[in-house]
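Morning, everyone. I will take a few minutes on one structure, so please have a look at it first.

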Amino acid sequence: LREAINADTEAAAQGLKKAISADAPVKSGKQKKSWRIAKEYLGGVDLKTVVHSTDYRKVHLLENGHVTRNGMTRTKPTYYVSSNAERIIKEYEEQVAETIKVVGVK
């Protein structure tokens with residue numbers, strides 16, 4: 001069961017990374033390429049998988065909007081991370097529930 005859930009977790013993380021990269025704003029292309037997957041272990045057991053950007057400062061500004069250089073206007077927020085995360089997390093929960101039904105708890 002643990003291996004099956006870890007496989008589901010890895011697939012969900014890969015899917016989230018691809019979805020975020022596909023929807024990231026394209027100005028120089030750096031934002032699309034900055035996404036990484038990090039796994040955190042505890043005693044050899046896969047605890048969690050984190051999808052993060054190496055350019056996290058810009059992610060915050062793009063997600064929430066920010067004041068422009070002239071100080072008079074604001075940019076519109078682009079919810080490319082949060083919208084994809086909500087969708088992928090919902091799919092992940094359904095997949096784990098299905099895996100538990102198929103494999104069964106021993």
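Leaving aside neighbours within four places in sequence, which residues is Val59 in contact with? Before I answer, a note on the source: this is a predicted model, where local features need pLDDT of at least 70, side-chain atom pairs count only at pLDDT 80 or more, and totals for chains, interfaces and linings use all residues. Residues are numbered from 1 along each chain as its sequence is written, and side-chain values use heavy atoms, with hydrogens and water left out.

Now the answer. Contact means heavy atoms within 4.5 Å. With those sequence neighbours set aside, Val59 is in contact with Gln31, Trp35, Ser53, Tyr80 and Val81.

Take Ser53 from that list. Ser53 sits in strand 2; helices (H or I, at least four residues) and strands (E, at least two) are DSSP runs, numbered from the N terminus. Ser53 counts as buried because its relative accessibility is 7%; buried means under 20% relative accessible area, exposed over 50%, and partly exposed in between, with a 1.4 Å probe and protein chains only. The Ser53 side chain makes a polar contact with the side chain of Ser34 at 2.7 Å, and also reaches the backbone nitrogen of Asp55 at 3.0 Å. A polar contact is a pair of N or O atoms within 3.5 Å; within protein, one must be able to donate a hydrogen and the other to accept it, and residues adjacent in sequence count only if both atoms are side-chain atoms.

Back to Val59, and to the core. The largest nonpolar core has 10 residues, among them Val59, Trp35, Tyr80 and Val81. Such a core is a set of buried Ala, Val, Leu, Ile, Met, Phe, Trp, Tyr and Cys residues joined through side-chain atoms within 4.5 Å. Helix 1 and helix 4 each supply at least two of the core residues, and helix 4 gives the most, with 4.

Last, a loop. Thr68 lies between helix 3 (56–64) and helix 4. Is Thr68 buried or partly exposed? Thr68 counts as partly exposed, because its relative accessibility is 25%. Not counting residues up to four places away in sequence, Thr68 touches Thr73, Arg74 and Thr75. With Thr73 there is a polar contact, side chain to side chain, at 2.7 Å.

That is what I have.
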